[in-house]
Amino acid sequence: MKIVAQTLEQIAGVEIFPIISLLIFFVFFLIVGYMVFTADKNYIEEMKNMPLDKDEDFHDDL
Amino acid sequence: MELQKFTYDNKLSKMFLYATVLWGIVAMLVGLTAAFELIFPKMSGGISWLVFSRLRPLHTNAAIFAFVGNSIFLAVYYSTPRLLKTPMYSKALGCIHFWGWQFIIVLAAVTLPLGFTQSKEYAELIWPIDVLVVIIWVVFGLNLIMTMVKRRVKHIYVAIWFYIATWVTVAVLYIVNNLQIPTSFLHSYPVYAGIQDALVQWWYGHNAVAFFLTTPILGMMYYFVPKAANRPVYSYKLSIIHFWALIFLYIWAGPHHLLYSALPDWAQALGVVFSIMLIAPSWGGMINGLLTLRGAWDKVREDPVLKMFVVAITAYGMSTFEGPMLSLKTVNALSHFTDWTIAHVHIGTLGWNGMMAFGMIYWLVPRLYKTKLWSVKLANTHFWIATLGMLFFSIPLYFAGFTQALMWKEFTEEGFLAYPNFLETVTQILPMYYLRAFGGTLYFTGAILFVVNVWNTASSGKFVRYEEDEAAAKHAPKAGEGWHRKLEGKPLQFTVAALIVILIGGLIEIIPMYLVKTNVPTITSVQPYTPLELEGRDIYVREGCYLCHSQMIRPFRNEVERYGEYTKAGETVYDHPFQFGSKRTGPDLAREGVKSLPNYKPDSWHYNHMLDPQKMNAESIMPPYPWLIENDLDYTNIESKISVMQSFGVPYDSYLNGQDPVEAMQAQAAQIAQGLRSGGIDVDDNKEIIALIAYLQRLGTDLYSE
């Protein structure tokens with residue numbers, strides 16, 4: 001505990017880390033949002049069908 | 001394009017499937033026993049390893065890590081090779097993972113009832129087992145990541161992102177929360193104390209729910225729901241947003257377990273805000289799961305697999321709505337420490353985790369054995385019994401929670417507590433405990449039907465160990481692809497990215513807590529525990545007292561009136577580990593030792609109460625702890641315990657002032673035992689009960705000694 005606190009205290013300007021992390025979070029999220037909404041349709045379709053691309057031979061027998 | 005042939009090996013899927021079924025039954029049976037023990041407190045018959053407070057950690061650990069854990073590994077070992085078009089990287093690593101995990105479960109099942117515990121909820125396992133968990137977890141991760149490296153497909157399906165996020169986050173959480181220094185082979189103290197320990201624990205505890213009971217199950221959902229419905233997921237875009245938002249937001253929400261506690265307000269506020277924001281991705285996920293079934297609702301009527309998935313996803317939606325509501329301070333003021341929490345988590349485990357596991361296994365067994373499900377009718381019966389069982393379990397507990405909280409808070413017109421005797425509020429809700437046990441019995445009965453069905457299905461077919469498949473050789477990444485798609489193409493980098501994401505959330509909570517000294521104001525009258533009290537405290541931890549008794553008086557009029565001055569962060573600075581508790585089946589004990597408060601009990605009362613609680617309060621539901629009176633106190637480890645405490649900065653040098661810890665213990669024990677003997681109780685100085693009494697009588701007194 002002490003070791004961790006001491007190590008952290010030695011970092012200059014460590015107080016700003018949490019704020020930076022909040023900003024990184026927010027910016028990253030905006031970018032992911034943008035990427036997703038502008039994503040290529042074919043890619044999305046391909047990904048969507050990934051679990052299903054094998055012929056289901058005995059699926060509907062249940 | 002060249003097509004490569006390869007085979008999937010179903011052996012590990014089969015092994016994890018049987019482990020899921022077996023441990024599911026064990027976890028439910030232990031839970032059911034615990035539920036009955038709350039109604040029949042003498043049921044444990046004075047046998048230490050059967051008492052509620054030792055079985056409860058076994059129940060939670062078995063449900064989470066054994067039942068749900070094995071179901072997760074089943075999903076991972078079945079779906080990952082099929083999504084990546086390659087067998088798992090290493091059969092040997094898979095086998096080590098399987099047997100290592102089962103060995104850990106067996107060790108847990110032995111150590112927890114014997115009282116070897118760290119007392120942190122869902123992190124109770126003692127340090128040697130923790131080390132083993134980390135090793136096995138690394139083996140699992142290595143196998144998973146290397147399978148991703150070896151894959152034949154270009155992009156990685158979202159289910160696997162959830163698996164990877166699970167792996168990374170659980171590793172970080174588990175290691176950080178279990179940082180401790182051993183005092184012996186079976187015992188250790190956490191490096192954190194009091195409020196900091198509580199913050200780290202609930203950062204872990206909340207994220208154990210998030211990253212062990214939620215994200216991997218979402219991976220399961222994104223693979224098995226489309227499979228069972230035979231149609232793709234409703235929105236793949238939504239699943240990406242769901243993924244990133246969820247792993248970002250979850251990691252910040254932990255402090256909502258410590259509302260109104262001695263935790264600084266900024267940390268509480270942070271926990272609340274992020275918990276509320278969690279509704280969005282959680283409901284996005286629920287909607288995505290349910291809408292995957294659009295156009296297939298006719299099938300839902302007949303197919304027990306889809307029915308179970310629908311209830312599971314609905315339960316996910318309900319509990320992820322309820323969770324944020326419970327994080328609102330006003331709601332939490334009512335719900336915290338009551339059975340409301342128990343009801344909430346069981347919607348999650350019985351509904352979301354249980355139904356997903358059952359649905360997945362009902363879908364898988366016929367495929368692994370190339371046959372049909374033995375009885376669709378029986379599976380449908382299981383579905384109905386399990387759903388009713390879940391409701392019979394939870395609804396009475398919601399009612400119990402409201403009722404008890406309102407009774408705790410009620411004042412008479414004259415300004416006194418309407419129910420000053422805690423026990424009155426317990427007997428009032430006891431009928432609800434009967435109904436809960438009935439609900440649990442129903443759910444368990446359903447699980448027995450499940451075992452019969454799985455067994456007969458497997459017996460009616462022949463196990464298909466290898467399945468052939470073919471796919472094009474691995475693509476090289478093309479130039480001009482989006483960065484996210486490139487990132488997915490690189491599993492190691494993707495893992496690191498997910499790690500950074502969750503660390504960011506962890507940092508914002510933990511860095512300020514470590515640094516800002518004003519977060520934990522010093523109280524000069526707060527002193528370390530005497531060696532005898534420290535031993536007594538370790539007995540308190542061993543018996544799991546924290547599972548029914550909190551040590552955290554919240555700053556409410558009714559709590560201050562009932563229990564005394566509210567708990568300050570500075571009072572907990574020597575508490576390795578913290579003992580705030582999360583449930584009040586019995587009263588709070590934070591100020592148990594303060595003589596001027598109404599709850600104070602003399603030493604002799606505690607002695608008789610441990611021996612036979614019903615003799616002191618006929619309606620009490622506390623089980624007896626007679627072994628505390630018979631067992632000799634172990635003096636052998638006290639020096640190493642004190643020296644570990646000193647390494648944390650607990651000022652034993654000045655406190656003991658050169659006195660030998662063993663001598664200090666004996667002197668204090670002799671004094672307490674003498675007091676008991678003069679009251680007509682025949683007791684030796686060196687019994688465990690003496691240490692426990694010493695600890696109980698110390699609780700909360702420092703603040704009053706000023």
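Predicted model: local features only at pLDDT ≥ 70, side-chain atom pairs only at ≥ 80, totals over all residues.
B:Pro577 sits in the loop that joins α20 (557–563) to α21 of chain B, and the peptide bond leading from B:His576 into B:Pro577 is cis, with omega near -10°.

**Backbone positions in loops**

- B:Phe337, which belongs to the loop between α13 (329–335) and α14 (339–368) of chain B, has a phi near 75°, a positive value in a residue other than glycine.
- B:Phe337 has 23 C-beta neighbours inside 10 Å and therefore counts as buried, since the cut-off for a buried residue is 20 or more.
- B:Lys370, found in the loop between α14 and α15 of chain B, also has a positive phi although it is not a glycine, and the value is near 45°.
- Because B:Lys370 has 13 C-beta neighbours inside 10 Å, it counts as partly exposed.
- B:Gly700, which follows α27(B), likewise has a positive phi, near 75°.

- Helix α27 (residues 688–698) of chain B is largely enclosed by the rest of the structure, because 11 of its 11 residues are buried.
- The buried residues of α27(B) include the charged-type names B:Glu688 and B:Arg698 as well as B:Ile689, B:Leu692, B:Tyr695 and B:Leu696.

**How α26 of chain B packs against two helices**

- The axes of α26(B) and α27(B) come within 10 Å and cross at roughly 95°, and the two helices are therefore roughly perpendicular to each other.
- On the α26(B) side this contact is made by B:Gln668, B:Ala669, B:Ile672 and B:Ala673, while α27(B) contributes B:Ile690, B:Ile693 and B:Ala694.
- By residue type, the contact of α26(B) with α27(B) holds six nonpolar residues, one polar residue and no charged residue.
- An α-helix has 3.6 residues a turn, so residues three or four places apart point the same way.
- Helix α24 (residues 638–647) of chain B packs with α26(B) at an angle of about 110°, with the axes 9 Å apart, which means that α24(B) is roughly perpendicular to α26(B).
- In this second contact, B:Ile638, B:Glu639 and B:Ile642 of α24(B) meet B:Pro661, B:Val662 and B:Met665 of α26(B), and the residues involved divide into five nonpolar, no polar and one charged.

**The two domains of chain B**

- Chain B is divided into domain 1 (12–471 + 480–509) and domain 2 (531–705), and their centres, taken over C-alpha atoms, are separated by 34 Å.
- The contact between these domains takes 46 residues from domain 1 of chain B and 51 residues from domain 2 of chain B.
- Elements that each supply at least two residues to the domain 1 side include the helices α1 (11–39), α6 (194–212), α15 (376–409) and α16 (422–460) and the strands β2 (180–184) and β3 (187–190) of chain B.
- The largest share of that side, five residues, comes from α2(B).
- The residues on the side of domain 1 that touches domain 2 divide into 22 nonpolar, 16 polar and eight charged.

**The largest nonpolar core**

- The largest nonpolar core has 220 residues, of which B:Ile164, B:Ile247, B:Phe309, B:Ala312 and B:Met356 touch the most other members.
- Helix α2(B) gives this core its largest share, 18 residues, and the core draws at least three residues from each of domain 1 and domain 2 of chain B.
- Apart from its neighbours within four places in sequence, B:Ile164 is in contact with B:Leu144, B:Phe494, B:Thr495 and B:Ala498.
- B:Phe309, in helix α12 (residues 304–327) of chain B, counts as buried because it has 29 C-beta neighbours inside 10 Å.
- With neighbours within four places in sequence again left aside, B:Phe309 is in contact with B:Val225, B:Ala228, B:Met356 and B:Gly359.
- B:Phe309 and B:Trp352 are 43 residues apart in sequence, and in space they are 8.4 Å apart from C-alpha to C-alpha.

**Chain A**

- The secondary structure of chain A comes to three helices and zero strands, running α-α-α from the N terminus on.
- Of the 62 residues of chain A, 8% count as buried.

How values were computed: Residues numbered from 1 in each chain as written. Chains lettered and ligands numbered in written order. Buried ≥ 20, exposed ≤ 12 C-beta atoms within 10 Å, placed from the backbone. Helix = DSSP H or I, 4+ residues; strand = E, 2+ residues; numbered from the N terminus. Axes fitted to C-alpha atoms, helices over the stretch in contact; angles between N-to-C directions. Parallel < 35°, antiparallel > 145°, perpendicular 65-115°, else oblique. Contact = placed C-beta atoms within 7 Å. Domains from an automatic or database assignment. Core = buried A, V, L, I, M, F, W, Y, C linked by C-beta atoms within 7 Å.
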